[in-house]
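Subject: Structure for your review

Dear colleague,

Please find below the structure that I am handing over to you. My notes on it follow directly after.

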Amino acid sequence: MPIEMKNLTFSYDTLDELLFEDVNLTLDHSWKLGLIGRNGRGKTTLLNLFMNKLPYSGTISSDEEFVYFPQIIRDPKNITYYAIEEVMAVELWKLERECQLLGLDKAMLWQPFEQLSGGEQTKVLLAALFCEENRFPLLDEPTNHLDMKARATVANYLKKKKGFIVVSHDRAFVDEVVDHILVIEKSDVKLYKGDFTTYEQQKKLQDDFELEQNRSLKSEIDRLQKTAREKSDWATQREKPSGNDPFGNAIAKRMNKRAKAIEKRTSEKIEEKTKLLKNIETVSDLTINCQSSHRNPVLRMKNFTLSYDGKPLFHPITFDIFQGEQVALIGPNGSGKTSLLNYLLGSFAGEVHGEIKLPQGLSMSAIRQNHDNNKGTVKDFAFEHSIDYTLFLNNLRILGFGRDIFNVPIESMSNGQQKKVEFAKSLGLPAEFYIWDEPLNYLDVFNQQQIETMIARYRPTLFFVEHDASFVKTIAAKIVEIRPY
């Protein structure tokens with residue numbers, strides 16, 4: 001029996017509009033289904049509806065029980081195996097088998113869960129999820145906390161599984177693991193066969209067709225409106241009392257009637273036009289306040305490394321960054337990438353070895369992984385950090401901020417909204433050099449396209465860490481790889 005949604009309708013009490021309205025879909029349990037859509041469209045909400053965590057109208061039916069990732073560990077201080085056992089029934093031998101398939105040492109099952117790295121926690125929770133073969137997995141952002149190598153490992157792991165629904169903003173990862181795409185669009189939920197790239201191609205053809213229809217329709221409406229006006233004006237003039245021309249008055253009445261019929265047809269065409277373009281995703285352009293500089297190189301490192309208590313974090317590296325270059329820093333989790341960026345931003349507490357050239361007084365702007373100290377209203381935040389308020393608001397709107405969010409304190413926003421504040425802050429500060437640590441976290445695929453377009457247009461001098469392979473391939477003019485000791 002497939003997963004069936006019939007007349008599924010849902011809205012949060014705080015929203016005026018319905019998130020889902022009369023959705024009717026049939027999904028096969030064997031499909032590896034990618035669930036995508038702009039932030040706020042309801043991807044996680046749909047997963048929660050499958051889990052029956054929210055009230056809705058309509059029906060969702062399935063002969064398999066759903067299981068959600070990531071599972072909430074109640075006691076992170078507990079030994080990993082026992083911590084998992086508290087939230088789901090798993091047999092040890094099955095968990096060890098799945099851990100081995102994910103490249104994990106089974107000895108880690110006997111360490112406290114909180115002592116595992118973020119990537120290890122993600123992998124062990126995935127392993128536990130797939131121990132239960134009689135439940136249908138719903139995977140919400142399984143690439144979080146994973147570096148490129150770990151994402152490739154998880155992708156290979158998922159390719160061997162029979163069926164699931166996965167939410168991920170990593171386009172390359174989605175292309176690797178799915179065979180169907182479910183898209184929450186502006187006013188509909190649509191199903192496509194194929195991967196994300198196939199969806200993009202089909203969506204572009206559909207959008208181009210609708211745009212061409214719209215252009216033809218607009219031309220026709222303009223012509224009809226002009227004809228209706230002319231006939232109406234003529235008829236109005238002829239209908240004025242003329243004394244003794246009953247024949248002319250009768251013609252005028254017929255012409256007026258015809259003009260009103262054309263008006264009605266025009267109104268219907270206009271209504272038809274408004275129904276077009278309803279699912280076209282308009283992606284506006286971001287603006288960055290980058291400043292040109294005559295100083296070159298912007299950054300030079302030679303035989304450079306960092307250490308704590310005399311222990312180096314990574315093998316020495318040598319590289320230059322010049323004006324207008326976008327340089328990616330790659331390496332496994334724990335190799336010292338964030339420490340290197342923190343050093344450049346003046347917040348590294350360890351030891352420094354090797355040569356570095358960074359022009360004095362160079363203006364820099366950062367996107368940090370940890371931005372918990374962003375607080376207050378958007379307006380007060382912009383004033384506090386001397387950000388161009390108009391530019392700041394415009395970039396937030398383009399990134400998908402709704403009007404109802406602007407008066408919410410930043411500390412009360414969702415993770416995705418807080419990330420957009422941090423991103424818009426970096427774009428709004430005048431800078432010669434941008435340092436970004438995992439800028440795509442919590443941003444949807446449409447935001448990523450906006451960012452790629454902006455970088456291609458403005459060519460900011462940029463040094464960044466990012467685990468999204470397609471973004472690195474598109475953006476990086478040069479790659480610096482660090483290898484941990």
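Which residue just after α9 takes a positive phi? That residue is G346, with a phi of about 85°. Helices (H or I, at least four residues) and strands (E, at least two) are DSSP runs numbered from the N terminus.

Two remarks on the basis of these notes are in order. This is a predicted model, in which local features need pLDDT of at least 70 and side-chain atom pairs count only at pLDDT 80 or more, while totals for chains, interfaces and linings use all residues. Residues are numbered from 1 along each chain as its sequence is written, and side-chain values use heavy atoms, with hydrogens and water left out.

Overall picture

The chain has 14 helices and 18 strands. Its C-alpha trace spans about 110 × 65 × 40 Å along the principal axes. Of the 485 residues, 48% count as buried (buried means under 20% relative accessible area, exposed over 50%, partly exposed in between, with a 1.4 Å probe and protein chains only). Contact means heavy atoms within 4.5 Å; among contacts between residues at least 6 apart in sequence, 71% join residues at least 24 apart. In helix α9 (residues 337-344), the buried residues are K337, S339, L340, L341 and L344.

Two packed helices are described by the angle between their axes and the distance between the axes. Here the axes are lines fitted to C-alpha atoms, for helices over the stretch in contact, and angles run from 0 to 180 degrees between N-to-C directions. Angles under 35 degrees count as roughly parallel, over 145 as roughly antiparallel, 65 to 115 as roughly perpendicular and the rest as oblique.

Helix α4 (residues 118-129) packs with helix α3 (residues 92-101) at an angle of about 130°, their axes being 8 Å apart. That makes α3 oblique to α4. L95, E98 and C99 of α3 make the contact with V124, A127 and A128 of α4.

With helix α5 (residues 148-159), α4 forms an angle of about 5°, and the axes lie 11 Å apart. The two helices are therefore roughly parallel to each other. On the α4 side the contact is made by K123, L126 and A127, and on the α5 side by A150, T153, V154 and Y157.

Individual residues

Q71 lies in the loop between β5 (65-69) and α2 (80-85). It is buried, with a relative accessible area of 11%. Leaving aside neighbours within four places in sequence, Q71 is in contact with M88, L125, A128 and L129. Its side chain also reaches the backbone oxygen of L125 at 3.0 Å.

V189 belongs to strand β9 (residues 189-193) and is buried, with a relative accessible area of 11%. Beyond neighbours within four places in sequence, V189 is in contact with F20, V23, L25, L182 and V183. From V189 to I387 the C-alpha atoms are 38 Å apart in space, and the two residues are 198 apart in sequence.

N447 is found in helix α13 (residues 445-458). Its relative accessible area is 0%, so N447 is buried. Not counting residues up to four places away in sequence, N447 touches R38, N39, L399 and K420. A polar contact of 3.0 Å joins the side chains of N447 and Q450 (a polar contact is a pair of N or O atoms within 3.5 Å; within protein, one must be able to donate a hydrogen and the other to accept it, and residues adjacent in sequence count only if both atoms are side-chain atoms).

With kind regards
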